[in-house]
Amino acid sequence: MKVIEGAEEFSLAGENGQGVLLIHGYTGTPAEMRLLGEHLQREGYTVLGVRLPGHGTEPWALNEVRWQDWYDEVEQGFYRLQKCCSKVMVAGLSMGGLLAMVAAARLPVAKAVFLAAPVYVQDWRAPLLPLLKYFIHYLKKKKRNYFTADKYNLAYNVMPVKPLSSLFALTELCKKEILPQITIPCLIMQSTVEHTVKPSSASYIYEHLGSSRKELVWYHRSGHIMTLDVEREDIFQKISEFFRSE
């Protein structure tokens, strides 16, 4: 299946011997993590932005996968980086944040960043989706409106409903099992004004992480795709500082 131009995974070589695995969100593409990746490369890191199965091609392709397929890609990406890097960090956006949590609990990850990770979602239809999936196959998404070039805004314009059951299962797994198992340093970042994830998600993550070293940073002008919005430079800098810190 042909990958949309610009939606491919990306790999950026660094020089400090450390790696960062970047994980995009549901219906998104690696492009939404590219600016962060380029910033981290300038800081010396080797960066891999994985493309999760079913993404960056056609929306119907998502109907063929489950969260375990997405995590398998994350795990493979981690081991690819580990071959050339002394330590590997992970950073995930939205659903990618949930996958980063699983990696942080199950793999020898050095540090982890969770951006706009969904424990609680804003959409009132969410509890109805197990039933709605039999009647509605795709939900139209609002047009992305971020202050970046179109090449970073690559994503499906509809949201397949069927895979959301698996995504919600991943959310429940993170809430009930994964978060307490994470003991590495973690940085949580969340906007208070976005319309996809409830801000209470970040508070829940912070309170239930097993890590003794954890930090929660709030933003007040960013949309859900924090890596593309007006506060992104501050977000990138704080992630760099977190990765550099002892």
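Predicted model: local features only at pLDDT ≥ 70, side-chain atom pairs only at ≥ 80, totals over all residues.
Local features are reported only at pLDDT of at least 70, side-chain atom pairs count only at pLDDT 80 or more, and totals for chains, interfaces and linings use all residues. Residues are numbered from 1 along each chain as its sequence is written, and side-chain values use heavy atoms, with hydrogens and water left out.

**Helix packing**

Two packed helices are described by the angle between their axes and the distance between the axes. Axes here are lines fitted to C-alpha atoms, for helices over the stretch in contact, and angles run from 0 to 180 degrees between N-to-C directions. Helices (H or I, at least four residues) and strands (E, at least two) are DSSP runs, numbered from the N terminus.

Take α3 (residues 95–106) and α5 (residues 164–181) to begin with. These helices pack at about 40°, and their axes lie 10 Å apart. That makes α3 oblique to α5. Angles under 35 degrees count as roughly parallel, over 145 as roughly antiparallel, 65 to 115 as roughly perpendicular, and the rest as oblique. The crossing of α3 and α5 is left-handed, that is, the near helix is turned anticlockwise from the far one by less than a right angle.

Contact means heavy atoms within 4.5 Å. On the α3 side, the contact residues include Leu98, Leu99 and Val102; on the α5 side, they include Leu170, Thr171 and Cys174. By class, this contact of α3 with α5 has 12 nonpolar, 2 polar and 1 charged residues. Ala, Val, Leu, Ile, Met, Phe, Trp, Tyr, Cys and Pro count as nonpolar, Asp, Glu, Lys and Arg as charged, and the others, Gly among them, as polar.

Thr171 sits in helix α5. It touches Leu98, Pro118 and Val119, not counting residues up to four places away in sequence. Thr171 is buried, at 7% relative accessibility. Buried means under 20% relative accessible area, exposed over 50%, and partly exposed in between (1.4 Å probe, protein chains only).

α5 also packs against α6 (residues 200–208), at about 50° with the axes 8 Å apart. That makes α5 oblique to α6. Lys175, Leu179 and Pro180 in α5 meet Tyr204, Ile205 and His208 in α6. The contact of α5 with α6 has 4 nonpolar, 1 polar and 1 charged residues.

**Aromatic pairs**

Rings of Phe, Tyr and Trp (its six-membered ring) pair if their centres lie within 6.5 Å; planes under 30 degrees apart count as stacked, over 60 as edge-to-face and the rest as tilted. The count comes to 5 aromatic pairs. Two of them are tabulated below.

| Pair | Centres apart | Planes | Class |
|---|---|---|---|
| Tyr26 and Trp70 | 5.9 Å | 65° | edge-to-face |
| Phe78 and Tyr79 | 5.5 Å | 75° | edge-to-face |

Tyr26 lies in the loop between β2 (18–23) and α1 (34–42), and Trp70 lies in helix α2 (residues 67–82), 44 residues apart. Tyr26 is buried at 10%, and Trp70 is buried at 0%. Phe78 is buried at 1%, whereas Tyr79 is partly exposed at 37%. Ring pairs also link Tyr45, Phe242 and Phe243 into a cluster.

**Positive phi**

Most residues other than glycine have a negative phi. Ser94 has a positive phi, near 60°. Ser94 is in the loop between β4 (87–93) and α3, and is buried at 11% relative accessibility. Ala116 has a positive phi of about 50°. Ala116 is in the loop between β5 (112–115) and α4 (129–132), and is buried at 0%.
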